[in-house]
Amino acid sequence: MQFVLSWSLDRNHAADWKQHSNGWRIDTDVECYCDTLVTWNNSVKIRWDDVPGWTPWAGPGGWNNLDSLNVGNGEMDGLTEDERQSYTTLWAISAAPLYAGDDLTKLDAYGLSLLTNSEVIAIDQQGVPARPVTPTGSAQVWGMKNVDGSYTIALFNMGSFPAQVTANWSSFGFGGKATVRDLWQHKELGGYDGSISATLPSHGSRLFKVTPKDGAVKMASYEAEASTNSLVRGASVGGCANCSGGAKVGNLYNGGALRINGVTVPKTGTYQVNIRYTTNDPRSATISANGQNAVTLAFPPSGGWDIPATLTVAVQLHAGANTIEIDSTTPVYSPDVDKIEVPLTVR
């Protein structure tokens, strides 16, 4: 038996929830209470937005409960096969309890294959939850390092049309060549150098186990609070117990910005820059390099103001020194920034 607390809980008291329960629902009911068990738009897709803020708290003593898996019968569920696979993939990579919500006497063949895939169940049961590394827009990459040193990498297309989704190894801290296994298809895909891409159907996904061959990628780290940086329009340095160097830059509000100066790379190209940040709620910021090619990113909750998380953004840099700016641009607060990491090889 599991004792699970209901949803709408305060994350700041997660230690109390762990002490007195086996887990907690992170969201409202997944059921839509309509003509089918669920619908993608009403019940399922919101989990991609809501689970990241709870990810740091998942572990022995308390697990993030995403509610039931209603993927066993397409007609009953009200989902396409692609949506059913993506639904199951998110539950598995989140280390969420897996329990079916369908009538078990009416499972179809595809639903049975989803619910009994031993490799996907093993990802869930190792108890290491994933986080999004590129959460902005319809093309999303999630992943984590597994207990055996390999990586689980999931690609999602949240949009209404087919889209290409790419995972770069540097987003996960390694580089070079790696072998890739498709966990849904039980198939070895061979070696890939630096990244893997797939064209996914609407609401589709892929789930890979990636085993690095060349080790860690060399990264240059730039602290947000460094004296060589520029703080604009009220941005300021504050303490952060779990941040690198014990500090971060916050008050990025209404045009407040952090300019990280002297970001040096060996040659011109596109670099996958990791932004280490903290926020207790969803926020956004605009990222640019040398005043050009600005892109606005959505930052999911990191789990708390002293709990850093990382996301990756593609940035155009030129050979030599660059300035990367993280700008609030609107009268809405942006996340606090711990540091950025820039790979020393271009992709």
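Which residue in β9 is the bridge partner of Val-180? The partner is Gly-190. This is a predicted model, in which local features need pLDDT of at least 70 and side-chain atom pairs count only at pLDDT 80 or more, while totals for chains, interfaces and linings use all residues. Residues are numbered from 1 along each chain as its sequence is written, and side-chain values use heavy atoms, with hydrogens and water left out.

**The sheet**
- An open sheet is built from 6 strands, ordered β4-β5-β6-β11-β8-β9, with antiparallel pairing.
- Strands β4 (131–134) and β9 (187–193) are the edges, and each pairs on one side only.
- From one strand to the next, the twist averages 30 degrees.
- Strands are DSSP runs of E with at least two residues, helices are runs of H or I with at least four, and both are numbered from the N terminus.
- Two strands pair if DSSP finds at least two bridges between them.
- Strand β8 (residues 177–182) is joined to β9 by 6 bridges, and the two run antiparallel.

**The helix across it**
- Helix α5 (residues 81–93) lies across β5 (139–145), β6 (151–157) and β11 (205–212).
- The helix runs at about 145 degrees to β6.
- Angles run from 0 to 180 degrees between N-to-C directions, and axes are lines fitted to C-alpha atoms, for helices over the stretch in contact.

**Thr-28**
- Thr-28 sits in the loop between β2 (23–25) and α2 (40–44).
- Beyond neighbours within four places in sequence, Thr-28 is in contact (heavy atoms within 4.5 Å) with Trp-7, Arg-47 and Asp-67.
- Thr-28 and Ser-43 are 15 residues apart along the chain, and their C-alpha atoms are separated by 8.5 Å.
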